[in-house]
Amino acid sequence: MAQWNANGTYYLPGGEPFYFAGNRVGCLCLHGLNAVPQEVLWLGKRLAAQGYTVYGPRMAGHGTRISDMRRTTWEDWYGSALDGYRMLRQQCDQVFVMGLSMGGLMSLHMGVRHQPDGVISMAGPLELDNPMLPYARYLKVVWHYTRKNLDENHWRIDRRMREIQEEQHEPVIGRAAYGHFPLSSLAGLYELGQLTLKNLDKLTAPLLAIYSSGDRTVPIRNLDMLVSRAGTPREDVHKLQLEKSDHLLTLDVEMETVFETVIGFLGHYATAAE
């Protein structure tokens, strides 16, 4: 259930940003569309346990009320991510950018426009099969929200998260996300995907791409599309194809494989750990 803060602002439990101070290697962890930093919190905790400095921002319009989301654009979300990137740049000698879903796409876009020391895209949607997406910018004028966002997979992950939260003695709140998608947000996601795909050859940082053939949201072809079009030298392109996970790779049954792969990637490229 959503709550009111003492200062009168509205938020979803689990929607808070997180920060863990560590060494001179920074990790920016970006959540997905309509979701909250909770999606990448367990990844962030694992990275913090390795000694890294970790920040998971809450992107504009997320984790409060869906009406707030409808008023934001992908540029607003990117501004939130960029604030986090610049903060880590002030504290760290190296900064790695990583994200899930829209956060993975945002990480790629940041890799194109800036100079992170590495980029990790987990289920980043360069292309989706939803036929409505190209027309969302027109439909949003008369159709403000989709009918449903919380599908069968959401409730499966919600149950899984509650079990893990209880085991780890965390507040048992399940998965926090809006119940619908604003059409304006889907239009923004499509625009960001098209822009990033067009400029992937400008991405030169070391790259780790993690996708799943079991993902019913982001087609697995995005994996080969990304690694083939990125401008990153071939020897610095790494990929992991999962088989059992659906879209929420950092929360699903192969999340430990995801975490260990990310840690291995950072261990290879992070030189400023001390």
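This is a predicted model: local features need pLDDT of at least 70, side-chain atom pairs count only at pLDDT 80 or more; totals for chains, interfaces and linings use all residues.
View 1. Because Asp 117 lies in the loop between helix H4 (102-113) and strand S7 (118-122), while Arg 89 belongs to helix H3 (residues 74-91), the pair ties together parts that are 28 residues apart in sequence. Side chains of opposite charge can pair in this way when their charged atoms come close.

**View 2. The salt bridge between Arg 221 and Glu 127.** The side chains of Arg 221 and Glu 127 meet here, with a distance of 3.4 Å from N to O. This pair links distant parts of the chain, since Arg 221 sits in helix H8 (residues 221-229) and Glu 127 in the loop between S7 and helix H5 (136-139), 94 residues apart. Arg 221 counts as partly exposed at 35% relative accessibility, and Glu 127 counts as partly exposed at 27%.

View 3. A salt bridge joins the side chains of Arg 71 and Asp 68 at 2.6 Å, N to O. Arg 71 has a relative accessibility of 60%, so this residue counts as exposed. Elsewhere, Arg 46, Glu 256 and Glu 260 are linked in a network of salt bridges. The count for the model comes to 12 salt bridges.

**View 4. Helix H9 and its buried face.** Helix H9 (residues 255-269) has 15 residues and reaches 21 Å from its first C-alpha to its last, close to the 21 Å expected at 1.5 Å a residue. Its buried residues are Met 255, Val 258, Phe 259, Val 262, Ile 263, Phe 265, Leu 266 and Tyr 269. Seen down the axis of H9, these buried residues fall within an arc of 160 degrees, so they line one face of the helix. The face turned away from this buried side carries the exposed residues Gly 267 and His 268. An α-helix has 3.6 residues a turn, so residues three or four places apart point the same way.

**View 5. Helix H7 and its buried residues.** The 16 residues of helix H7 (residues 183-198) should span 22 Å at 1.5 Å a residue, and the end C-alpha atoms are 23 Å apart, which agrees. Among the buried residues of H7 are Leu 183, Leu 186, Leu 189, Gly 193 and Leu 197.

Terms used:
Residues are numbered from 1 along each chain as its sequence is written. Side-chain values use heavy atoms; hydrogens and water are left out. A salt bridge is a side-chain nitrogen of Lys or Arg within 4 Å of a carboxyl oxygen of Asp or Glu. Buried means under 20% relative accessible area, exposed over 50%, partly exposed in between (1.4 Å probe, protein chains only). Helices (H or I, at least four residues) and strands (E, at least two) are DSSP runs, numbered from the N terminus. The expected span of a helix is 1.5 Å times one less than its number of residues. The arc is that of the directions from the helix axis to the C-beta atoms.
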